[in-house]
Amino acid sequence: MPLVSERHFPRTLHAWMERFTQPQWHGCSVQGWLFEGPAARRAAERDLARAGVQATLRSAYKPLLHYFLEEVDITALHTVCIHWPQAALGPANRFLLEAWPLAALPLPEPPQFIPRTDSHHHYDVELHWNNGTRSRTCIFAPNRQHANVLGKPTLSPTGWLRAGTVQAGTDLLDTQATTDVEQAFAHALHTVCQHPWPEHEPYFERLLLRLDLPHLELPIPWLENTHSSLPEALHEDLYFSLLEWFQQRSGRAHGDRRLQPGQIVPDIRALDNSANTLHLHIDQQSFDAAHEDAQTAPAWHAATDHQPLDTLESPPPPECIRQHLGSFGGQAFTATTRQGRPVWGRYHSGKDAPVFLSAGQHANETSGIVGALRAAGQLLAAPETHLALLPLENPDGYALHHALCRQHPQHMHHAARYSALGDDIEYRATPPLYEREARQTALKISQAQLHINLHGYPAHEWTRPFSGYIPPGFADWMLPKGHFLIMCYRPGWQHAARTLLENICASLHHRVPELAAFNASQQHLYLAHAGQQPFEMLHGIACVQYEERGDTPVTLITEFPDETLQGAAYRFAHTVQMHTVLAAYTAWQRIFPTLHHGH
Ligand SMILES: [Zn+2]
């Protein structure tokens, strides 16, 4: 039996309105925390005031950030000192991370963050005003302890209600409140987890979780594209929670990327602000790639056709990638995806040391795709270039990413990261190999010893608010920290890999002069909110290196914070990717010949 489920959830804001406009609350003070945007909360406060109730309704999601956005005149502020609590469950710095991106508040003196020793769910905020006065305030951050999808104890933001007979009083009410969004989230997980799924993977082709809820986006006026809105966070939390649950059910270790449940697609949509209910629809669907591609192609081509690669401000359609590959000459090779889309590869033989260049393994990391094409275009102008190229390893994920971006172009859409089988192509080891076959071919025909594998990561905060806030397993990637390089090497190749890494960083410093300032500004914010910097810096670029049995003896993985970027920021992203490839290819030609005897 395919899973189909439909459910409406009464809107908590409206339920509270109905409750507190009853005569017995007349003259009382009510404070509520829930997952609603400021406009809806302000309107409800006005309606409650008309009923004689003095109400303050606050955001349960990132309450400290919302306090500064909604209640503080930051133009009158000189600086601020935030005393944050230790988290009793999960990483201790969770509340410092959750304060993101307040370190970027545009104040005459930078904000200070001071850890407290207790774990009480509030921030103590000292405000130093431009007129010399000071004030203190306590910002409540309501949280509840609960079991996550794997049954582990977790501390997550939640709704809360306080009411009293005096202003800000709690003598009548001081209690946790499970709000509409939390109910819908829990119900979605419960519905999927109790379904009798088949014994063997994949369990479904596509599992769609459509959630319609009132509009909750709130741009930050002083820092663009920096924090994760609640609809985006819901997509992330639904997707990863279900992936974790299917992972556990399959008996695999946490973080094993070979799980093939099928394609999990959360689709979060905004309802009109007057909506009375949230609507959850869960549905199993069959793949129909040809139909879906035919629907999206015209608008996608209209937006990007006839633009030179270096001017692209959003990811190009697959057909554009195919045309560029065609113009490169050389030998074509292909594979076919789970949904039947082609994976296009090119091999160009020359007297150089061979290099394998790939992008789009994780299809929501799109700057590498353009960066790879731009770099290949330059490299292949030289006859001696020896290159195997796969600019888009995951066309099924890429199609889903584009479809999701039509709804929310500024969301990171991790549901499009892996393949339509739900696994990470790189780790696929058993037939049918589908996309992975293209990589096998590239490795075999080129005999490359270096693989340049272009990736990206979120350009703004990545959160899981209903599962402990910090994305489990990805804590290091939840905040941008500039262009990041990962160098992997097999035993015996450490020195070559290190030399390559140092050469690339030195070269990038000259090739992209703006990169240093870009990295420094992201790293400054990262450090302020993560509290530590667990990576090496080379010429202003964050790096890590480790031994691993990769597809080639040396693998360079680039990580540009590109997820959600558009416009000039996207152009900068693929420009940095291109220069990283050019720097790596060039340096490898110097390094590889000197190694030849030893290997
Ligand atoms: Zn990636």
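Predicted model: local features only at pLDDT ≥ 70, side-chain atom pairs only at ≥ 80, totals over all residues.
Residues are numbered from 1 along each chain as its sequence is written, and side-chain values use heavy atoms, with hydrogens and water left out. Helices (H or I, at least four residues) and strands (E, at least two) are DSSP runs, numbered from the N terminus.

**The zinc site**

- The zinc ion is held by His-362 (ND1), Glu-365 (OE), Glu-365 (OE) and His-455 (ND1), at 2.0 to 2.4 Å. Donors here are N, O and S atoms within 2.8 Å of the metal (3.2 Å for Na, K and Ca); water is not among the atoms, so sites may look incomplete.
- Along the sequence, the donor residues follow the spacing H-x2-E-x89-H.
- The angles among the four donor atoms run from 57 to 146°, and the site is irregular. Four donors count as tetrahedral if all angles lie between 85 and 135 degrees; four count as square planar and six as octahedral if opposite donors are over 155 degrees apart and all others between 65 and 115; anything else is irregular.
- For orientation, ideal angles at a metal are 109.5 degrees for four tetrahedral donors.
- His-362 is buried, at 4% relative accessibility, and Glu-365 is buried too, at 2%. Buried means under 20% relative accessible area, exposed over 50%, and partly exposed in between (1.4 Å probe, protein chains only).

**Helix H8 and its cover**

- Helix H8 spans residues 318-327, and its buried residues are Cys-320, Ile-321 and Leu-325.
- Seen down the axis of H8, these buried residues fall within an arc of 140°, so they line one face of the helix. The arc is that of the directions from the helix axis to the C-beta atoms.
- The cover over the buried residues of H8 includes helix H7 (289-304), strand E16 (342-348), helix H9 (367-379), strand E18 (387-390) and helix H10 (395-407).
- Just after H8 comes Gly-329, with a positive phi of about 70°.

**The nonpolar cores**

- The largest nonpolar core has 96 residues, and Phe-68, Leu-102 and Tyr-123 have the most contacts inside it. Such a core is a set of buried Ala, Val, Leu, Ile, Met, Phe, Trp, Tyr and Cys residues joined through side-chain atoms within 4.5 Å.
- Helix H6 (residues 230-250) gives this core its largest share, 10 residues.
- Another core, of 62 residues, lies apart from it; Trp-493, Cys-505, Leu-538 and Ile-541 are among its members.
- Leaving out residues up to four places away in sequence, Leu-102 touches Leu-64, Leu-65, Phe-68, Ile-82, Pro-111, Phe-113, Trp-222 and His-529. Contact means heavy atoms within 4.5 Å.

- His-146 sits in strand E8 (residues 143-147) and is buried, with a relative accessible area of 12%.
- The side chains of His-146 and Ser-156 make a polar contact of 2.7 Å. A polar contact is a pair of N or O atoms within 3.5 Å; within protein, one must be able to donate a hydrogen and the other to accept it, and residues adjacent in sequence count only if both atoms are side-chain atoms.
- His-128 belongs to strand E6 (residues 122-129) and is buried at 15% relative accessibility. Its side chain has a polar contact of 3.4 Å with that of Glu-126.
- Asn-148 lies in the loop between E8 and strand E9 (153-157) and is buried at 18%. A polar atom of the Asn-148 side chain lies 2.9 Å from the backbone nitrogen of Leu-150.
- Asn-148 and Ser-241 are 93 residues apart along the chain, yet their C-alpha atoms are separated by 8.3 Å.

**Backbone features to look for**

- A cis peptide bond, with omega about -5°, joins Trp-100 and Pro-101. Another cis bond runs from Pro-431 to Pro-432, with omega near 0°.
- Ala-168 is a residue other than glycine with a positive phi, near 60°, and is partly exposed at 45% relative accessibility.
- His-413 also has a positive phi, near 55°; this histidine lies in the loop between H10 and H11 and is buried at 2%.
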